[in-house]
Amino acid sequence: MLTRDELREHLIMSRIAGDVATPRENNLDHYSSLANRDPYYMLGLTFDQPWTYRDVLALMAKAAGVVADPGHRWGQDTIDPERTIDALDAMADRIAAALSQDSPRVLFATGHPTGLLAVHLPLARLAAERGAVLLSPAEGWTYSGSGFGRPRRIRYLGDVAMLDDKGAFVHTHDAAPMEHMLAELGDDRPDLVIADHGWAGAAGEAGVPTVAFADSNDPGLFVGEAEGKIDVVVPLDDNVLPRYYAPLTERLVTRVSRAL
């Protein structure tokens, strides 16, 4: 496993953190959309506080390390690698606490099959090896959402839920699949959800213990964390080359294993 300093350098080199690929103007546009309560950016969550645009920017500067200056409107934006590592460790501790229970029920889901699936799969294997019951509700459930024409369905790969579009796993922000999965489970809810995008938001909104990954342009999950609906959110670029996530994943798996 890389040392903390080595991992920090890797995060910066791979642009998982540091100077990230998401441009400043994209971040600010999403913060404004969230402040205006655009459902797409709320990721299945509702909020108790008003969360103005300036509030969202201040939170993202604190939680993810984006540039705090509201006058910086174009060009480069950042994720603080120290915040990424701190949140990774907090996530590992929360996962270890769940896995220390007797046959915990755990649910994995990702809206980023070309990126974060590389993190979810090893975590799911570890959870199974440590005696967790990996849930797969609503497999094959099909729905039509806003923004896409033909129906999509829930499918699982290695016990990780994703959306399938005619044989291809697809990127999604939608909360509807997780909402349906939890409805199918009824009172037999997960002890922990490990997810991102609307999968995580819907679980947190339902009161299910949830840890999540989120990019700097996905402020909804960070607001959910600030309001206590999501336990931990790890700030990172959520769509770099899958192999770049290996050192990050190793830190998570190693820290969880050592805690058990």
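Me: What share of the 260 residues of the protein chain counts as buried, and what makes a residue buried?
Reply: In this predicted model, 55% of the 260 residues count as buried. The word applies when the relative accessible area is under 20%.

Me: Why is Asp165 called buried?
Reply: Its relative accessibility is 12%. The cut-off is under 20%, so Asp165 counts as buried. You will find Asp165 in strand 7, which runs over residues 160-165.

Me: Which residues does Asp165 touch, leaving out those up to four places away in sequence?
Reply: They are Arg150, Pro151, Arg152 and Val170. Arg8 is another residue to look for: it sits 157 residues from Asp165 along the chain, and the two C-alpha atoms are separated by 36 Å.

Me: Why is Arg37 called partly exposed?
Reply: Arg37 has 27% relative accessibility. Buried would need under 20% and exposed over 50%, so a value in between makes Arg37 partly exposed. Look for Arg37 in the loop between helix 2 (24-35) and helix 3 (39-42).

Me: Is Leu43 buried or exposed, and how do you know?
Reply: Leu43 is buried, because its relative accessibility is 1% and the limit is under 20%. Leu43 belongs to the loop between helix 3 and helix 4.

Me: What makes the phi angles of Arg37 and Leu43 worth a look?
Reply: Most residues other than glycine have a negative phi. Yet phi is near 65° for Arg37 and near 55° for Leu43, and both are positive values in residues other than glycine.

Me: What makes a group of residues a nonpolar core, and which members of the largest one touch the most others?
Reply: The largest core has 45 residues, and Ile154, Met178, Met181, Trp199 and Leu221 touch the most other members. Its largest share, 5 residues, comes from helix 4 (residues 53-63). A second, separate core has 41 residues, including Val20 and Leu236.

Definitions and conventions. Residues are numbered from 1 along each chain as its sequence is written. This is a predicted model: local features need pLDDT of at least 70, side-chain atom pairs count only at pLDDT 80 or more; totals for chains, interfaces and linings use all residues. Side-chain values use heavy atoms; hydrogens and water are left out. A nonpolar core is a set of buried Ala, Val, Leu, Ile, Met, Phe, Trp, Tyr and Cys residues joined through side-chain atoms within 4.5 Å. Buried means under 20% relative accessible area, exposed over 50%, partly exposed in between (1.4 Å probe, protein chains only). Helices (H or I, at least four residues) and strands (E, at least two) are DSSP runs, numbered from the N terminus. Contact means heavy atoms within 4.5 Å.
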